[in-house]
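Dear colleague,

Please find below the sequence and structure that I am handing over to you. My notes on what was found follow directly after them.

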Amino acid sequence: MAADSVSARGRERLASLADEPVDHRFKGLPPDAEGLTVGELALERRNLFSGGFTTPLLALSAERLEHNLQLMETYAERHGLVFAPHGKTSMAPQLFWRQIEHGAWGITLAVPHQMRVARAFGVQRVFLANELVDAAALAWIAGQLADDPSFRFVCYVDSVRGVELMDAALRGASSSRPVDVVVELAAGEGARTGVRTEAECRVVADAVAGVDTLRLVGVAGYEGEVPDADPERVRAWLRRLIGLVVDFDKAGRFAGAGLDEIVVSAGGSAWFDAVADVFAELPGLSLPVLKVLRSGAYVSHDDGHYREVTPFVRVPEEGALQPAFRLWAQVVSRPSAEQAFANAGKRDAAYDLDLPVVQVVRGEGGERPAEGIGVTSLSDQHAWIRTDEGAVLEVGDWVGMGLSHPCTSFDKWQLIPVVEQDGTVVDYVRTYF
């Protein structure tokens with residue numbers, strides 16, 4: 001891990017996660033483990049299927065997690081990108097640590113609470129891919145910047161009103177260091193946040209230049225919001241983004257601010273190949289350029305939406321991400337030959353993009369493929385399962401399900417076992433949503 005990416009205090013707090021007691025707060029952990037610490041339970045290296053764990057239970061594959069971390073580290077290096085993966089996906093400081101260990105420049109976040117988690121665990125570089133106009137949060141940021149000269153913070157700005165609110169809050173907090181901002185270019189009419197036109201971007205940049213509490217350091221945006229996104233439309237918008245930073249630089253907007261580099265940032269989990277291609281076209285500027293990629297879903301990947309949209313489908317020669325999640329549930333009812341119910345539902349499984357997919361069944365005879373078995377809907381605590389004629393599924397069997405959408409999978413679990421291929425649980429990942 002780079003010494004300037006996570007503080008010593010953060011490393012100590014990460015280590016202290018092992019001292020947390022195992023108790024009723026954590027779903028699926030063995031009841032007989034109560035009274036142990038998380039670290040002590042990890043040292044027991046229990047088997048996920050015979051070690052007393054209860055269902056429903058979400059697990060992360062140790063091997064696939066490591067594969068994904070290595071793949072994106074290599075991808076960013078190959079394409080000359082600086083990687084700041086979006087932490088909102090996992091909100092797991094242990095995974096932040098591992099992402100930084102695998103070359104991440106820092107961590108991207110979206111709201112003040114997430115920043116507090118990252119800072120509590122010593123993350124030294126935070127990119128807030130959102131506007132920040134909350135006075136209390138800005139006062140807290142001012143304090144962080146004052147107390148820690150090595151802390152680097154960058155956030156979006158997209159309006160003159162936003163500049164005014166930020167300036168007032170920071171002046172009220174007697175901010176001693178200016179807050180670095182990037183002008184956010186919207187992905188198009190009807191898209192999410194961001195300035196709609198380049199002319200309006202210049203107005204916002206002028207507003208930033210008019211206050212001493214903020215410092216303009218670059219431009220950014222999110223190509224995933226491009227309306228009717230396809231490769232051509234996404235690349236066209238990305239070229240607008242790099243054209244904006246070239247325009248700003250030619251106009252001298254980065255001169256005299258004491259900058260070491262100019263920031264250009266984009267990149268979700270669906271179009272980072274386009275980001276890499278277009279950012280490679282960026283001409284030389286008056287200062288070195290920090291090309292920040294922010295993709296976050298890669299860390300666990302999935303068996304649904306992101307499996308379909310990942311750029312590695314388009315560029316298979318670059319490698320392939322592997323889905324690292326599996327949700328285990330137990331069949332508790334088999335009311336007919338065509339129907340069964342398992343004890344995992346909306347409280348346990350992501351369902352905002354796609355339903356879980358039953359992949360394997362574990363029964364008395366061991367593990368087998370889930371042929372003719374599928375989830376048709378979810379209740380709060382039940383998965384409705386359809387079984388085709390001849391499908392083998394019994395009350396008491398465990399079903400292993402693939403999930404779609406990492407962000408709404410992590411957020412349902414506070415402590416997630418990390419399991420090796422043979423079923424050995426080697427670690428536990430703590431989340432903070």
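Helices (H or I, at least four residues) and strands (E, at least two) are DSSP runs, numbered from the N terminus. The model is a predicted one, in which local features need pLDDT of at least 70 and side-chain atom pairs count only at pLDDT 80 or more, while totals for chains, interfaces and linings use all residues. Residues are numbered from 1 along each chain as its sequence is written, and side-chain values use heavy atoms, with hydrogens and water left out.

I begin with the loops. P56 lies in the loop between α2 (38-44) and β1 (57-61). The peptide bond that leads from T55 to P56 is cis, its omega being near 0°.

H301 sits in the loop between β9 (289-293) and α11 (305-309), and its phi is near 55°, a positive value in a residue other than glycine. H301 counts as buried because its relative accessibility is 4%; buried means under 20% relative accessible area, exposed over 50%, and partly exposed in between (1.4 Å probe, protein chains only). H405 belongs to the loop between β16 (398-402) and α12 (407-410). H405 also is not a glycine, yet has a positive phi of about 85°; at 13% relative accessibility, H405 counts as buried.

Next, a pair of helices. Helix α6 (residues 135-147) packs against helix α7 (residues 160-172) at an angle of about 55°, and their axes are 9 Å apart. Axes here are lines fitted to C-alpha atoms, for helices over the stretch in contact, and angles run from 0 to 180 degrees between N-to-C directions. The two helices are therefore oblique to each other, given that angles under 35 degrees count as roughly parallel, over 145 as roughly antiparallel, 65 to 115 as roughly perpendicular and the rest as oblique. On the α6 side, A135, L138 and A142 meet L165, M166, A169 and L170 of α7, where contact means heavy atoms within 4.5 Å.

Finally, the chain as a whole. Its secondary structure comprises 12 helices and 18 strands. The C-alpha trace spans about 70 × 50 × 35 Å along its principal axes. Of the 433 residues, 55% count as buried. Among contacts with a separation of 6 or more, 71% are between residues 24 or more positions apart.

With kind regards
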